[in-house]
Amino acid sequence: MSVTDPISDFLTRIRNAVKAKKRFVDIPASNTKIRIAELMKENKFIRDYNVIDDNKQNVLRIHLQYINGASSITGLEKVSKPGLRRYCGKDDVPRVLNGLGIAVISTSKGIVSDKQARRDAIGGEVLAHIW
């Protein structure tokens, strides 16, 4: 099945798994999705992730994190969509809930969080907000 917006599909699968209180969710893997999962793990939104090798497209397994029965992920929002791309300059990097969440930004130096983009003074396409 062909997916028009793979990042939106990635976020939706995670959102649905969190609502269903699943321990993990399997998603078709890509380098972009793996990098976003790395950022989510660094910021403690997920417990862990691993790539399962199959003969077609690899599968990214994301292990969700719950603290006292509540998910670490409160919300996921796709910002830049195929019909309307959202960009930010180095001075306009968004802040999600005053620093409690992260903005995932695609830059010339790869996919980074908003904190890293501010530190490196670079802008780019804002892919998603996670809080």
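Which residues is Ser71 in contact with, leaving aside its neighbours within four places in sequence? In the predicted model examined here, these residues are Val18, Gln65 and Tyr66. Ser71 itself belongs to strand S5, which covers residues 70-71. The side chain of Ser71 also reaches the backbone nitrogen of Ile73, at a distance of 3.0 Å.

The secondary structure of the chain consists of three helices and 10 strands. Along the sequence these elements follow the pattern α-β-α-β-β-β-β-β-β-β-β-α-β. The radius of gyration is 15 Å, close to the 14 Å that the globule rule gives for 131 residues, so the chain is as compact as a globular protein of that length. The C-alpha trace spans about 40 × 35 × 25 Å along its principal axes. Of the 131 residues, 42% count as buried. Among contacts in the chain with a separation of 6 or more, 60% are accounted for by residues 24 or more positions apart.

Three strands form an open sheet in the order S1-S3-S2, with antiparallel pairing. Its edge strands are S1 and S2 (46-52), each of which pairs on one side only. From one strand to the next, the twist averages 20°. Strands of a sheet pair through backbone hydrogen bonds, in either a parallel or an antiparallel arrangement. Here, S1 (residues 24-28) and S3 (residues 59-64) run antiparallel and are joined by five bridges. One of the paired positions is Ile52, whose bridge partner in S3 is Val59.

Helix H2 (residues 31-42) lies across S1, S2 and S3 and runs at about 155° to S2.

In a regular strand the side chains alternate between the two faces of the sheet. In S1, Val25 and Ile27 make up the covered face, whereas Phe24, Asp26 and Pro28 make up the uncovered one. Leaving aside neighbours within four places in sequence, Ile62 is in contact with Phe10, Ile14, Arg23, Phe24, Val25, Ile27, Ala37, Ile46, Asp48 and Tyr49. Both residues of the covered face of S1, Val25 and Ile27, are included in this set. The C-alpha atoms of Ile62 and Ala20 are separated by 14 Å, these residues being 42 apart along the chain.

Asp26, on the uncovered face of S1, has Arg61 as its bridge partner in S3. The two residues also form a salt bridge, with the closest N and O atoms 2.7 Å apart. This pair links distant parts of the chain, since Asp26 in strand S1 and Arg61 in strand S3 are 35 residues apart. Asp26 counts as partly exposed because its relative accessibility is 32%, between the limits of 20% and 50%. Arg61 is likewise partly exposed, with a relative accessible area of 23%.

Side chains of opposite charge can pair when their charged atoms come close. The count for the model comes to seven salt bridges. One of them joins the side chains of Glu42 and Arg35, at 3.8 Å from N to O. Arg35 is partly exposed, with a relative accessible area of 23%. Arg35, Glu38 and Glu42 are linked in a network of salt bridges.

A further salt bridge is formed by Arg85 and Glu125, whose closest N and O atoms are 3.2 Å apart. This pair also links distant parts of the chain: Arg85 lies in the loop between strand S6 (76-78) and strand S7 (87-88), Glu125 lies in strand S10 (residues 124-130), and 40 residues separate them. Arg85 counts as partly exposed at 44% relative accessibility, whereas Glu125 counts as buried at 14%.

How values were computed:
Residues are numbered from 1 along each chain as its sequence is written. This is a predicted model: local features need pLDDT of at least 70, side-chain atom pairs count only at pLDDT 80 or more; totals for chains, interfaces and linings use all residues. Side-chain values use heavy atoms; hydrogens and water are left out. Helices (H or I, at least four residues) and strands (E, at least two) are DSSP runs, numbered from the N terminus. A polar contact is a pair of N or O atoms within 3.5 Å; within protein, one must be able to donate a hydrogen and the other to accept it, and residues adjacent in sequence count only if both atoms are side-chain atoms. Contact means heavy atoms within 4.5 Å. Buried means under 20% relative accessible area, exposed over 50%, partly exposed in between (1.4 Å probe, protein chains only). Two strands pair if DSSP finds at least two bridges between them. Axes are lines fitted to C-alpha atoms, for helices over the stretch in contact, and angles run from 0 to 180 degrees between N-to-C directions. A salt bridge is a side-chain nitrogen of Lys or Arg within 4 Å of a carboxyl oxygen of Asp or Glu. The radius of gyration is taken over C-alpha atoms; the globule rule is 2.2 Å times the number of residues to the power 0.38.
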